[in-house]
Structures are given as C-alpha cells and as structure tokens.
Amino acid sequence: MKRAFCATLLLALAAAPPLAGQERVQVFRGAKIIPITSAPIDGGVLVVQGGKIVAVGREGAVRIPNGAEVHDMTGKVIMPGLVDTHSHIGGGDGGDRSSPIHGDVRILDAIDVRDDGIQKAQAGGITTVNVMPGSGHLMSGQTAYLKLRDGRTIYDLLYCRDVLKEVCGGLKMANGTNSRGEPPFPGTRAKAAALVRERFIKAQEYRAKVKAANGDPSKMPARDLEMETLVEVLEGKRIVHHHTHRYDDILTAIRLQQEFGYRAVLHHVSEAWKIADEIAASGLPASIITLDAPGGKLETMDLSMTNGAALEKAGVLVGYHTDDGITDSRFFLRSAGIAVRAGMSRDAALYAMTMAGARMLGLDDRIGSLEPGKDADFIVLSGDPLSVYTHVEQTWVEGVKVFDLSNPQDYIYAVGGIGVRGVVSANYHEGMEGHE
Amino acid sequence: MSRVARNATLAALFGFGAALGAAPATAQIAVRGETVHTMAGPAITDGVVLIGRDGKIERVGPASQVRIPDGYRTLTAKVVTPGLVDAHSVVGLAGYMNQPHDQDQLERSNAIQPELRAIDAYNAREALVEWIRGFGVTTVHTGHGPGALMSGQTMIVKTRGETVGEAIVDSVTMVAMTLGPDVARNYNGRPGTRSKGVALIRSEFIKAQAYRDKVKAAGKDASKLPPRDLKLETLARVLDGELPALITAQKATEILAALRLQQEFGFKLVLDGAAESYLVIDEIKRAGVPVIIHPTMARHSGTLENATMETARKLREAGIPVALQSGFEGYVPKTRVVLFEAAMSAAYGMPFEQALALVTIDAARILGIDHRVGSLERGKDGDVALFDGDPFEYTTHVCGVIIEGQVVSETCR
C-alpha cells in the first residue's frame with residue numbers, strides 16, 4: 001500500500017508542472033464535504049499532498065498525519081472544482097473566414113493566460129475548462145483542455161505535456177445558423193451536413209492509407225494537419241464538441257456521430273426537451289447553457305430551463321457550461337440552482353457541474369470528484385452550493401490555492417471594479433456573436 | 001393563430017404547463033402569505049392582501065386583523081411581494097427573435113430622434129413580455145433603447161393586455177439618450193468621440209431653447225407660432241421638466257458629462273447604466289440625480305469593463321435613489337430578468353428588503369408611479385407576486401402573478 005502510494009506520488013510529481021502541488025500534507029477539516037461520487041460528509045476531512053487527494057472521510061475515520069498543515073473549514077462546504085465544458089476565456093480564436101472547416105487550427109496557439117477571464121473563472125470556482133474556438137464554422141478548430149493553475153504561459157495550464165505528440169483538447173463542431181454563410185460556407189443545413197460527411201470520409205481514406213503503410217515511411221500519405229486531427233477523432237482519441245441548438249440540428253449531430261462512430265458531446269442543446277428520449281437513445285452526453293430568457297437568435301427561441309430535468313429523466317449524462325462571453329464564469333454555479341428550480345434533482349445538478357463535465361472531456365480519471373488519487377482540485381463555499389447567497393471563498397488547484405476571496409485583488413476579480421480589466425476584455429463584446 | 005392556441009403553443013415551448021394567460025380573472029381576491037413584504041413598513045407575518053373589484057388593494061394586514069370576506073378567491077404563498085417593477089427595459093420593442101422585423105428599440109437613420117414614440121412600436125403580445133411576467137414583473141418602463149444620442153421616448157406598461165392601449169400606464173415617460181462610444185457603432189462611426197457626442201446634444205437643446213422661447217413669445221397668437229417640429233417639441237418638454245432625460249452613461253467620464261448637461265439645461269435627469277457610478281458618488285449625490293443601474297449580471301466588458309456587483313449597495317448607502325433594470329441585450333439572452341438581478345445585489349451584501357426595493361418601491365419612485373405600484377398599500381393597484389420561498393433563491397419558484405386583481409399566471413416557475 002505504502003509503495004503504491006509512493007509510486008502514485010512520484011508519477012504525480014513527474015507529471016506536475018512547476019507550479020503544482022505542495023509537498024507538505026494539508027488537511028481541511030470541519031467542512032461539509034460533497035465528494036459527488038459518494039454521499040456528502042458532515043464534518044468531513046480532506047487530506048491533500050503533492051497536488052493529489054490522499055483521503056476523504058469523516059472526522060475520526062481519516063488519519064491526520066503528523067506535521068500536516070491544518071485548515072479549519074468549519075461551517076464551509078467543500079466540493080470538487082467545477083468543470084466548464086465550453087468556454088471562450090483567454091481571448092483566443094480558431095479558424096478564420098477562409099473556410100468553414102478548420103480541423104488543423106489549434107486554439108492553444110491563441111490563448112492569453114493573463115486574460116482576466118482566467119482569474120474570473122477561478123473566482124467562479126472553475127478549475128478545469130474546455131476553451132473552444134467559436135461556432136461560426138462547421139469545424140472551427142481544436143479545443144484546449146486547461147487546468148486553471150496560476151500560470152505564466154499556456155504550457156502551465158494545458159493538460160497535455162507535449163503539444164506535438166499528445167491530444168490537448170477536442171474538436172469544435174457546429175451546426176445550425178452560426179456556421180452558415182456565403183460560399184465556401186454552407187447555405188443550407190443539408191449542405192452543412194454534406195460538407196462534414198465528405199471531410200470525414202476523406203479522413204477515413206487517409207486513415208486507411210496510414211494503416212496500409214504499416215509504419216513504412218515511403219508508403220505513408222503526405223502529412224495533412226487536418227486529416228491527422230480527424231483521424232484522432234475517428235479513433236476516439238479526440239472528442240467532438242458539437243454546438244447545436246434546434247432539435248433537428250441535434251438529430252443531425254447525432255446522425256453524423258453514428259455514421260463515423262466518434263466520441264461526441266452535444267453542446268447548448270436549447271431544444272433538448274423536445275427530443276430527450278432520442279438523445280438518450282444515442283448515448284451521447286449533453287452540456288447545457290443556462291440563459292435567463294429564450295430568444296436573441298432564432299434557434300434559441302424555444303430554449304427551456306427544463307432541459308436539465310428533461311434530460312436527467314430520460315437518462316442522459318448532463319453537464320453545464322458557461323460559454324463565457326455569453327454567461328460569466330463567476331456565475332457558473334447558478335446553473336445548478338436554476339436547473340433544480342426547473343425540476344432537476346439536486347444530486348444530478350451537482351454531478352453535472354463536476355463529474356459529468358470531467359467525463360465529457362475524458363478527464364474523469366483525474367478530476368470531477370473528491371476521491372483518493374484524484375487531483376486536489378476543490379472549492380470552498382460559504383454555504384449550500386445551490387443558494388444565491390453562497391460565495392466561492394477559495395479555489396484550489398492541485399493543492400495550490402489559486403483564488404481567495406479575502407485577498408483584495410482576488411476580491412476584485414470576483415466582484416468587479418477598477419483593476420479587473422484584462423488585455424482583451426474590452427474588445428471581447430463586439431466579437432461575441434460568433435460564439436453561443 | 002388564435003390567442004388560446006398561441007398560449008398553448010408557448011406553454012408547450014417553454015415547458016411550464018398550460019396555465020399561461022389561461023387563468024380567468026377573478027373579481028375579488030385575497031392573497032395570504034406566511035410573509036408579506038409590503039415595502040411600506042416591516043414585513044407582515046401571516047399577512048393578508050385584499051384586492052377589490054376595481055383591481056385596487058382594499059386592505060393589507062396580519063390575518064389576525066384582516067378577515068377574508070366571503071366570496072373572495074384566496075391564494076396562498078410562502079412569500080408575497082408587490083408585483084415587480086422593471087425600471088428600464090426594451091421588451092415589447094426588442095423582440096425575442098432578434099431579427100430586423102422585430103427590433104424596434106433603435107432607429108438607425110439618425111442619431112437624434114427624440115420624437116419617436118414608444119407607443120407606436122410596443123408589441124403587447126411579444127413573448128418576452130410574458131416571459132418576464134412569469135418571474136413576477138408586473139410593471140415595465142420600456143421603450144427606445146440605448147445606442148443613440150437621442151433614441152426616442154419611453155413608456156410604462158403593465159405586462160398584460162393584447163394591445164398597447166390595454167397595457168399602458170404612462171404613454172410618454174422619459175427621453176432616452178446615450179453618451180459614449182456605444183453610439184458610434186450604430187451610426188457608421190459617428191460621433192467619433194465622446195466630446196462630439198456631447199456637443200451634438202448641446203446644439204440640439206440650444207435649438208429647443210430657441211423654439212420654446214418662440215412658442216412662449218407667441219402666447220395665444222397662433223400666427224406667431226413657429227412651424228410644428230416634433231423633435232423640438234419633445235425636447236421643449238424635457239427643458240420644461242415635464243419629461244426627464246434618461247441618459248445612459250457607463251464610464252465615469254460619461255456620467256460627469258451627463259451631469260454637466262443637466263446643469264447647463266436644467267432638465268430632470270435620470271442616470272442609466274452607470275457602471276462606474278461608484279467612482280463618482282459625491283458628484284451624483286450633489287446633483288440629486290437617481291440612478292437606474294445596469295443589470296448586475298450584465299456582461300462586464302466594453303464600457304462596463306469596470307462594473308461591479310456592489311454598485312447598487314454603494315449608491316444606496318450614499319443616499320442616492322437607485323433601481324435595477326433588465327436593460328438591453330443585443331444577443332442571447334434577449335432580456336434579463338430583474339428578479340434575478342436583484343437577487344445578485346442581495347447576494348453581494350445588500351439587505352434583503354433594500355434589494356427587493358430596487359425592483360419595487362424604489363423603482364416606482366424613480367419612475368414617478370409610486371402612487372400606483374411598488375408597494376402593497378390600500379388604494380394602490382392590486383399587483384402581487386407569490387413565491388414558494390425566498391424570492392431571491394434560485395430554487396424558489398414564482399407561483400402566482402396578479403395584475404390589478406387579475407390572476408395572470410399561476411404556474412410555478
């Protein structure tokens with residue numbers, strides 16, 4: 001056991017970026033702990049070391065090592081850091097207007113980790129985020145899975161270690177009205193689907209050639225960045241994040257997924273309540289946006305706050321996202337409250353904010369719940385996560401506190417005010433239409 | 001589509017039952033609440049509100065003192081508040097489809113058009129009117145939006161009725177104006193600077209002063225009257241103090257410019273948006289100007305980059321009259337909901353009843369309609385919102401909305 005623990009620890013250290021986890025054991029006691037994958041614990045104890053969770057349990061049932069730094073969290077609530085499956089923080093962008101399809105484009109080449117959106121997301125309790133390019137294309141580019149550590153460069157925040165050898169995010173796809181336009185953009189829904197199918201069929205052929213080459217460089221097809229990305233999708237190594245609002249567009253997204261067999265997450269799903277059973281039958285998870293009113297564009301006219309409840313009832317894996325820019329990361333926890341207001345169960349709503357998102361990004365072996373061996377990503381709340389009066393007081397990533405409401409600068413990120421302005425925030429509003 | 005069919009469709013669309021607009025009007029209504037926030041004194045425990053045949057409130061008091069007469073239909077709730085007042089919106093003009101045909105909040109042919117009347121553009125059947133009503137909003141100050149130096153007039157409606165006539169409370173309330181760079185975006189880059197925008201507004205008021213002087217000099221002699229000019233007639237009413245100028249000004253620079261305009265021309269000013277008002281509290285207080293603050297959850301970007309969730313509290317603590325608005329949204333969500341915005345002010349440190357006042361009595365006072373709405377008092381309109389818990393909690397539902405004694409919504413949302 002001890003050896004296994006050490007091995008885990010060493011691995012964790014080897015994989016940890018410079019800013020991660022403290023060596024000294026840290027203990028958080030007295031809080032109500034909501035581990036998500038097990039029942040809430042009143043007066044719980046959370047033990048953290050080396051950026052990982054060592055133990056979670058009741059007071060008295062968890063050994064507190066000598067020399068541990070003990071944090072008294074009496075009266076607080078601790079739950080896993082929130083997972084935002086769809087955001088545009090960091091001021092990055094994806095494909096340009098030259099084509100509706102940009103499988104080769106990586107948003108990680110354009111993210112500014114000093115953007116105040118990152119700090120605001122930390123203030124909102126978000127510890128993992130899928131940063132996506134916009135929805136103005138059928139494929140607007142490769143997304144980036146970020147851990148919201150305090151960092152100087154994109155490398156400090158990425159999940160992947162080697163951007164050339166690893167898959168560092170998903171693939172953003174979109175259907176419906178945002179990706180339509182003058183040629184080469186599709187003018188109709190059917191054309192949009194045809195363009196995507198053609199591209200994936202090409203990728204199937206490319207993949208077949210690579211297989212046939214069987215490692216012989218002389219037989220390999222010429223390198224093609226887009227084809228390489230789509231092959232990762234076809235092989236299930238890269239997850240498709242599909243922006244889709246109207247019920248028939250959701251069905252199209254499902255049809256494409258079924259034809260090519262890739263892993264996919266349905267995003268926004270404004271009209272999911274109309275076809276909850278069909279979504280459930282597809283087995284695809286759905287990530288929902290919470291908006292205070294329907295409309296604003298034709299395909300969100302029938303948006304309903306009951307989407308979460310309807311999908312939960314149908315048996316769909318449900319998550320939530322901010323689409324930051326569209327809704328503010330600092331209000332992300334609101335999604336769970338509004339979901340419960342509209343009929344979702346409390347447990348499913350909290351699962352949706354954490355574990356469901358982790359599963360949608362394929363990161364559930366590392367994050368999403370408070371379990372020994374997982375990353376020590378958690379938030380300290382002043383009260384019930386579903387209450388409007390509750391504040392995120394602290395956000396911890398891999399055992400490091402990255403947000404503290406009692407810190408004056410962090411307070412400004414949480415509440416607003418002079419000094420919050422980021423490099424790109426002032427210009428962000430205008431370019432927003434391509435997103436949600 | 002018939003009204004009934006439309007309601008059924010909408011109910012199905014939004015997934016909250018079939019009761020939208022279907023509830024019949026009841027002549028005499030009693031509302032009994034475990035807590036009744038009258039906004040005209042301390043909250044009443046186990047309180048009763050009686051609404052008479054005329055749609056006016058007859059009595060308000062504890063159940064021990066106010067007997068519910070026979071024949072009254074009784075509705076019960078955990079928490080009862082006055083119908084909410086949205087101090088500034090564009091619902092009914094800015095439709096939820098967000099297509100050119102349903103966007104009437106801003107005319108882009110000219111940046112100065114104070115003559116545009118809200119009553120000529122208000123769509124009482126617009127889905128967003130019904131939407132905000134479902135969250136307890138019974139009165140809305142709506143009309144021409146921000147984004148022009150002078151975009152047009154505003155009006156006050158109740159969130160009911162199938163025509164503007166059935167909804168109207170006040171047909172001309174204020175004249176909407178905007179300072180700052182947001183105007184140029186709508187008028188091909190002009191005015192190109194903040195200063196130019198102010199100069200254009202000043203020139204217009206100076207013309208209006210001359211027009212008003214001619215009208216006054218003419219007295220009863222019609223032959224001496226200047227030719228009618230809808231624009232200048234409207235601005236003359238602003239100069240006369242009859243119509244306040246509602247100036248959207250987000251940055252501190254723009255707020256000070258608005259105060260300067262008010263001092264120069266002596267009109268009644270209501271500051272709108274005012275994201276950086278917390279930086280110039282003394283100046284606003286000295287000018288005695290009320291502020292209708294941006295939605296707490298408005299996107300904190302562009303001219304709102306320095307906005308805070310504490311602005312309402314800070315202004316209120318300084319003694320400045322404040323209210324909250326749902327504002328204007330150019331994209332999704334097409335409107336905000338003042339119930340949620342006030343909740344956010346409460347979450348960021350404002351005492352409960354003060355936060356509720358932002359969207360009830362204090363809003364009514366700034367709009368000059370507190371004799372009719374904003375609190376539960378004898379003689380006022382029977383506008384009531386019913387909740388199954390703390391109105392501000394996400395997980396609480398609005399379970400009833402009454403406008404002038406008519407139950408307009410009974411489904412919990």
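How many strands form the open sheet in the order S8-S10-S11-S12-S13-S14 of chain A, and what is the pairing? Six strands form this sheet, and their pairing is mixed. Keep in mind along the way that you are looking at a predicted model.

**Stop 1: the six-stranded sheet**

Start by selecting residues 139-142 and 318-321 of chain A, which are strands S8 and S14. These two stand at the edges of the sheet with a single partner strand each, so one side of each has no neighbour in the sheet. As you step from one strand to the next, the twist averages 25°.

Now move to S10, residues 171-174 of chain A, together with S11, residues 240-244 of chain A. The two strands pair in the parallel sense, and four bridges link them. To see one pair of residues in this arrangement, pick A:Met173 and look opposite, where you will find A:His242 in S11(A).

**Stop 2: the three-stranded sheet**

Chain A also holds an open sheet of three strands, in the order S6-S7-S9, again with mixed pairing. Select 82-87 for S6 and 144-147 for S9: these are the edge strands, and each pairs on one side only. Here the twist averages 15° from one strand to the next.

Next, show S7, residues 126-131 of chain A, beside S6(A). The two run parallel and are joined by four bridges. Click on A:Asp84, then look for its bridge partner in S7(A), which is A:Val129.

**Stop 3: two crossing helices**

Staying in chain A, select helix H2, residues 116-123, and helix H11, residues 408-415. Their axes come within 8 Å and cross at roughly 90°, which means that H2(A) is roughly perpendicular to H11(A). Show the side chains where they meet: A:Asp116, A:Gln119, A:Lys120 and A:Ala123 from H2(A), facing A:Asp410, A:Tyr413 and A:Ala414 from H11(A). By class, this contact has three nonpolar, one polar and three charged residues.

**Stop 4: where the chains touch**

Finally, bring chain B into view. The contact between the chains takes 39 residues from chain A and 38 residues from chain B. On the chain B side, select helix H1 (3-14), helix H2 (127-133) and helix H9 (338-347), the elements that give two or more residues to the contact. Coloured by class, the side of chain B that touches chain A has 20 nonpolar, 11 polar and seven charged residues.

Terms used
Residues are numbered from 1 along each chain as its sequence is written. Chains are lettered from A and ligands numbered from 1 in the order in which they are written. This is a predicted model: local features need pLDDT of at least 70, side-chain atom pairs count only at pLDDT 80 or more; totals for chains, interfaces and linings use all residues. Axes are lines fitted to C-alpha atoms, for helices over the stretch in contact, and angles run from 0 to 180 degrees between N-to-C directions. Angles under 35 degrees count as roughly parallel, over 145 as roughly antiparallel, 65 to 115 as roughly perpendicular and the rest as oblique. Two residues are in contact if their C-beta atoms, placed from the backbone, lie within 7 Å. Ala, Val, Leu, Ile, Met, Phe, Trp, Tyr, Cys and Pro count as nonpolar, Asp, Glu, Lys and Arg as charged, and the others, Gly among them, as polar. Two strands pair if DSSP finds at least two bridges between them.
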